[in-house]
Amino acid sequence: LRLLQQRRQDVTVNMCLTTGALPSLPLLADLVLDHGVRQLCIDMVRPVSTGDRSEAWLQAIMPRFGDLVAPLTDLLAALDRRAPGFDVNLTHLPFCVLPGEAHRIHHGGEPTITFTADLAERQGAMDKYAFQADDRAKLPGCEGCLLAHRCTGVPHVYARWHGGDELKPLTREALSARD
């Protein structure tokens, strides 16, 4: 990062938020800002994109959404203090987890066709965001959420492991009660 900064390169950082990264997440603000990073994308674990892994491995790296709230809130507050307006994107996070940060949460993106050139040709060309959305679903508790049209829900395995009790729909009443 120092070398790229010295060479005045345009640097963005993209990370997948795993359980192991949670304790140090608030320190990320200083790291990216001190090295001239201009944008940070924090992606939630997408089970469909982890390869051939065991369910135990996936459970070990995939944090509960409720466990993300404090570290993400601390990180975003640190970024806002030091660099108001810094470009942060949280991808595939249900809006109800951090409703005050809905403007930073994104599901999907520009239409994107990818081609995986594996020797067995198992994947080939595919629509990136349709592929990712197939691994996610909205839960019954999402009914009535004002942002449901923008949210792809939660990974199927996450719903199976944890259910949806921690996820509350962003209703008109819930949003009007917020500052």
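Q: Which residues does His92 touch, not counting residues up to four places away in sequence?
A: In this predicted model, His92 touches Asp43, Met44, Arg46, His106, His107, Gly108, Gln132, Arg136 and Thr152. A contact here means heavy atoms within 4.5 Å. The model is a prediction in which local features need pLDDT of at least 70 and side-chain atom pairs count only at pLDDT 80 or more, while totals for chains, interfaces and linings use all residues. Residues are numbered from 1 along each chain as its sequence is written, and side-chain values use heavy atoms, with hydrogens and water left out.

Q: How far apart are His92 and Met44 in sequence and in space?
A: They are 48 residues apart in sequence, and their C-alpha atoms are 5.8 Å apart in space.

Q: What makes Gly85 buried or exposed?
A: With a relative accessible area of 73%, Gly85 is therefore exposed. Gly85 is placed in the loop between H4 and S3.

Q: How do you know which strands stand at the edges of the sheet?
A: Four strands form an open sheet in the order S1-S2-S3-S4, with parallel pairing. Strands S1 (12-17) and S4 (105-106) each have a single partner strand, so one side of each is left without a neighbour in the sheet. Helix H4 (residues 65-82) packs on this sheet, touching S1, S2 and S3, and its direction makes about 175° with that of S2; axes are lines fitted to C-alpha atoms, for helices over the stretch in contact, and angles run from 0 to 180 degrees between N-to-C directions.

Q: What makes S2 and S3 a pair?
A: Two strands pair if DSSP finds at least two bridges between them. Strand S2 (residues 39-44) and strand S3 (residues 87-91) have five bridges in the parallel sense, and Leu40 stands opposite Val88 in S3. Six bridges join S1 to S2, also in parallel, with Leu17 opposite Met44 in S2.

Q: Why is S2 called mostly covered?
A: Six of its six residues are buried. In a regular strand the side chains alternate between the two faces of the sheet. In S2, Gln39, Cys41 and Asp43 are buried on one side, and Leu40, Ile42 and Met44 on the other.

Q: What lines the second largest cavity?
A: A cavity is a set of points on a 1 Å grid over the protein atoms alone where a 1.4 Å probe fits but cannot get out, and lining residues have an atom within 4 Å of a point. The lining consists of Leu17, Met44, Val45, Met62, Pro63, Phe65, Leu68, Arg136, Pro155 and Tyr158.

Key
On a 1 Å grid over the protein atoms alone, a cavity is a set of points where a 1.4 Å probe fits but cannot get out, and a pocket is an open set with protein on both sides within 12 Å along at least five of seven lines; lining residues have an atom within 4 Å of a point. Helices (H or I, at least four residues) and strands (E, at least two) are DSSP runs, numbered from the N terminus. Buried means under 20% relative accessible area, exposed over 50%, partly exposed in between (1.4 Å probe, protein chains only).
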